[in-house]
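Here is a walk through one protein model. Keep the coordinates open and follow along.

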Amino acid sequence: MVKVKVEKINDSIKFIDINGHADYGQYGNDLVCAAVSSISIGLLNAIDILAPQKCDIQLSENRIRIMVLNNEEVVQTVLSVGLIQLKTIEEKYPKNLKIELTEV
């Protein structure tokens, strides 16, 4: 299962952690993993282009971590769009993707 942890403070996303494997299909042919990967990489590319150096991004095997360093509207918009896309996948494939939201 892919697990997405999101932490919000005062309605602003501060942290997103995406990790795991969906186990929907065979490795390399997993539709859910491909969707999550595409959304995640698109999210990272958008941050890099639209809000460079506003987030600390860490990539490792099966894990992406995004920590907001400078909370600006463009950062929140990009992260919110990515989260909406991931929620859409979660609604269709709840056994393969779980989003956990913590509000402080």
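What volume does the largest pocket have? The value is about 320 Å³. Bear in mind that this is a predicted model.

Several elements take part. At least two lining residues come from each of β2 (12-20), α1 (31-50), β3 (55-60) and β4 (63-68). The helix α1 gives the largest share, with 5 residues.

Now step back to the whole chain. The protein has 2 helices and 5 strands. Along the sequence they run in the order β-β-α-β-β-α-β. The radius of gyration is 13 Å, and the globule rule gives a close value, 13 Å, for 104 residues. The protein is therefore as compact as a globular protein of that length. The C-alpha trace spans about 40 × 25 × 20 Å along the principal axes. Of the 104 residues, 37% are buried.

Next come the charged contacts. Side chains of opposite charge can pair when their charged atoms come close. How many salt bridges does the structure hold? There are 3.

Take R63 and D17 to begin with. These two form a salt bridge, and their closest N and O atoms are 3.0 Å apart. R63 sits in strand β4 and D17 in strand β2, so the contact links distant parts of the chain, 46 residues apart. D17 has a relative accessible area of 4%, under the 20% limit, so D17 is buried.

D17 has another partner. R65 also forms a salt bridge with D17, again with closest N and O atoms 3.0 Å apart. R65 belongs to strand β4 and D17 to strand β2, so this pair ties together parts that are 48 residues apart in sequence. R65 is partly exposed, at 32% relative accessibility. Through shared partners, the salt bridges join D17, R63 and R65 into one network.

The remaining salt bridge to visit is between E72 and K54. Their side chains meet at 3.3 Å, N to O. E72 is in the loop between β4 and α2 (73-92), while K54 is in the loop between α1 and β3. The two residues are 18 apart, and the pair links distant parts of the chain. Both ends count as partly exposed: E72 has a relative accessible area of 30%, and K54 stands at 22%.

Turn to the aromatic rings. A pair of aromatic rings is described by the distance of the centres and the angle of the planes. A search of the whole structure finds 1 such pair. Why does the pair of Y24 and Y93 count as edge-to-face? The ring centres are 5.0 Å apart and the planes stand at 75°. That angle is over 60 degrees, so the pair is edge-to-face. Y24 lies in the loop between β2 and α1, and Y93 lies in the loop between α2 and β5 (97-103). The pair therefore ties together parts that are 69 residues apart in sequence. Y24 is partly exposed, at 43% relative accessibility. Y93, at 18%, is buried.

Finally, look at the backbone. Which value does phi of N10 take? Phi is near 50° there, a positive value in a residue other than glycine. N10 is placed in the loop between β1 (2-9) and β2. Its relative accessible area is 69%, over the 50% limit, so N10 is exposed. Q53 also has a positive phi, near 65°, and is likewise a residue other than glycine. Q53 lies in the loop between α1 and β3. With a relative accessible area of 75%, Q53 is exposed. The loop between α1 and β3 thus holds Q53 as well as K54, the salt-bridge partner of E72.

Notes
Residues are numbered from 1 along each chain as its sequence is written. This is a predicted model: local features need pLDDT of at least 70, side-chain atom pairs count only at pLDDT 80 or more; totals for chains, interfaces and linings use all residues. Side-chain values use heavy atoms; hydrogens and water are left out. On a 1 Å grid over the protein atoms alone, a cavity is a set of points where a 1.4 Å probe fits but cannot get out, and a pocket is an open set with protein on both sides within 12 Å along at least five of seven lines; lining residues have an atom within 4 Å of a point. Grid points are joined across faces, edges and corners, and a volume is the space filled by probe spheres set on the points. Helices (H or I, at least four residues) and strands (E, at least two) are DSSP runs, numbered from the N terminus. A salt bridge is a side-chain nitrogen of Lys or Arg within 4 Å of a carboxyl oxygen of Asp or Glu. Buried means under 20% relative accessible area, exposed over 50%, partly exposed in between (1.4 Å probe, protein chains only). Rings of Phe, Tyr and Trp (its six-membered ring) pair if their centres lie within 6.5 Å; planes under 30 degrees apart count as stacked, over 60 as edge-to-face and the rest as tilted. The radius of gyration is taken over C-alpha atoms; the globule rule is 2.2 Å times the number of residues to the power 0.38.
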